[in-house]
Amino acid sequence: MKRCALLRKRPVVNLVAAKRILIVDDDVSLMRVTREALTSFLRCEVDTCPTPEYGFELALKKTYDLLIFDFQMPMIDGAMLFFLIGKVYNHSVPPRIVPPLVLISGKGEEKRAQELLKEAGVHGMLAKPFAINQLLHKVRECIPTIESIA
C-alpha cells in the first residue's frame, strides 16, 4: 500500500519535446528580449543570431518548428532568407518541411511587406514595437501544440 502511495507522489514527467524556434534579427537587444519572453512563457528552445548568413547555416543544421526573422536586415532580408531556406529544404533528399515564418518589421505597411503576407509559409508580421502578448499569441497560432510554462 505504501508503494502505491509513493508512486502517486512522484511528479509527472512530460515526454513531449520542447518546440524549437529560430530568431534572426540584426537588432540584438530586441532579439534577446524576444528570446527571453519566449523561453519564460512557453516550453521551447530558442536559437538566435544577428546575421542572416549564420541563420541560414543554423536552419540547415537543425530542425525548427517556427522561424522569426527581421524583415529588414543588411544584405539579405528576412523574406529572402526564408526563400533560400525553402529552396534548400525542397531540394534536399528527402525533402524537409519548411517551418512557418513570422516577420518582424518596423515598416509593416510597405507594399512589399503586405505582399509577403500572401506568400505560402508566411504566417504573419509583428510591427515594431510589439507587445509580448502579441508575440506569444502569434507563436501559439503558428505552433498550436506549444505548451505554456505554468
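Start by selecting cysteine 44: its relative accessibility is 12%, so it counts as buried (buried means under 20% relative accessible area, exposed over 50%, and partly exposed in between, using a 1.4 Å probe on protein chains only). Now click on cysteine 49, which is buried too, with a relative accessible area of 0%. How many disulfides does the structure hold? There are 0, where a disulfide would be a pair of cysteine sulfur atoms within 2.5 Å.

A word on what you're looking at: this is a predicted model, in which local features need pLDDT of at least 70, side-chain atom pairs count only at pLDDT 80 or more, and totals for chains, interfaces and linings use all residues. Residues are numbered from 1 along each chain as its sequence is written, and side-chain values use heavy atoms, leaving out hydrogens and water.

**Colour by confidence**

The protein chain averages 87, and 85% of the residues score at least 70. Where pLDDT is low, the predicted coordinates should not be read in detail.

**Switch to cartoon**

Follow the chain from the N terminus and the elements go α-β-α-β-α-β-α-β-α-β-α. Of the contacts between residues at least 6 apart in sequence, 66% join residues at least 24 apart. Buried residues make up 39% of the 150 in the chain.

**Into the cores**

Next, select Ile21, Leu38, Leu66, Ile68, Leu135 and Val139. Within the largest nonpolar core, which has 21 residues, these touch the most other members. A nonpolar core is a set of buried Ala, Val, Leu, Ile, Met, Phe, Trp, Tyr and Cys residues joined through side-chain atoms within 4.5 Å. Strand 1 (19–24), helix 2 (28–41), strand 2 (44–49), strand 3 (66–70), strand 4 (101–105) and helix 6 (132–142) each give at least two residues to this core. Apart from it there is another core, of 20 residues, including Tyr64, Phe69, Met73 and Tyr89.

Which residues does valine 139 touch, not counting those up to four places away in sequence? Show its surroundings and you'll meet Ile21, Leu38, Leu42, Leu66, Ile68 and Ile146.

While you're in helix 6, pick asparagine 133. Its relative accessible area is 62%, so this one is exposed. Draw a line from its C-alpha to that of alanine 37: they're 9.3 Å apart in space but 96 residues apart in sequence.

**Around helix 4**

Jump to glycine 78, in helix 4. Is glycine 78 buried or exposed? At 0% relative accessibility, it counts as buried. Leaving aside neighbours within four places in sequence, glycine 78 is in contact with Phe69, Asp70, Phe71, Met73, Leu101 and Leu103.

Step back to methionine 75, in the loop between strand 3 and helix 4. Most residues other than glycine have a negative phi, and most peptide bonds are trans. Methionine 75 isn't a glycine, yet its phi is positive, at about 70 degrees. With a relative accessible area of 79%, methionine 75 is exposed.

Now go to tyrosine 89 and look over the face of its ring: arginine 96 is there, at 4.0 Å from the ring centre. The cut-offs for a charge over a ring are NZ of Lys or CZ of Arg within 6 Å of the ring centre and within 35 degrees of the ring normal.

**Prolines to finish**

Select proline 94, in the loop between helix 4 (78–91) and strand 4. A cis peptide bond joins valine 93 to proline 94, with omega about -10 degrees. In the loop between strand 5 (122–127) and helix 6 you'll find proline 129, and the bond from lysine 128 to proline 129 is cis, with omega near -10 degrees.

Last stop: proline 99, in the loop between helix 4 and strand 4. Proline 99 is buried, with a relative accessible area of 4%. Not counting residues up to four places away in sequence, proline 99 touches Tyr64, Asp65, Leu66, Leu67, Phe82 and Tyr89.

Notes. Helix = DSSP H or I, 4+ residues; strand = E, 2+ residues; numbered from the N terminus. Contact = heavy atoms within 4.5 Å. pLDDT = per-residue confidence, 0-100.
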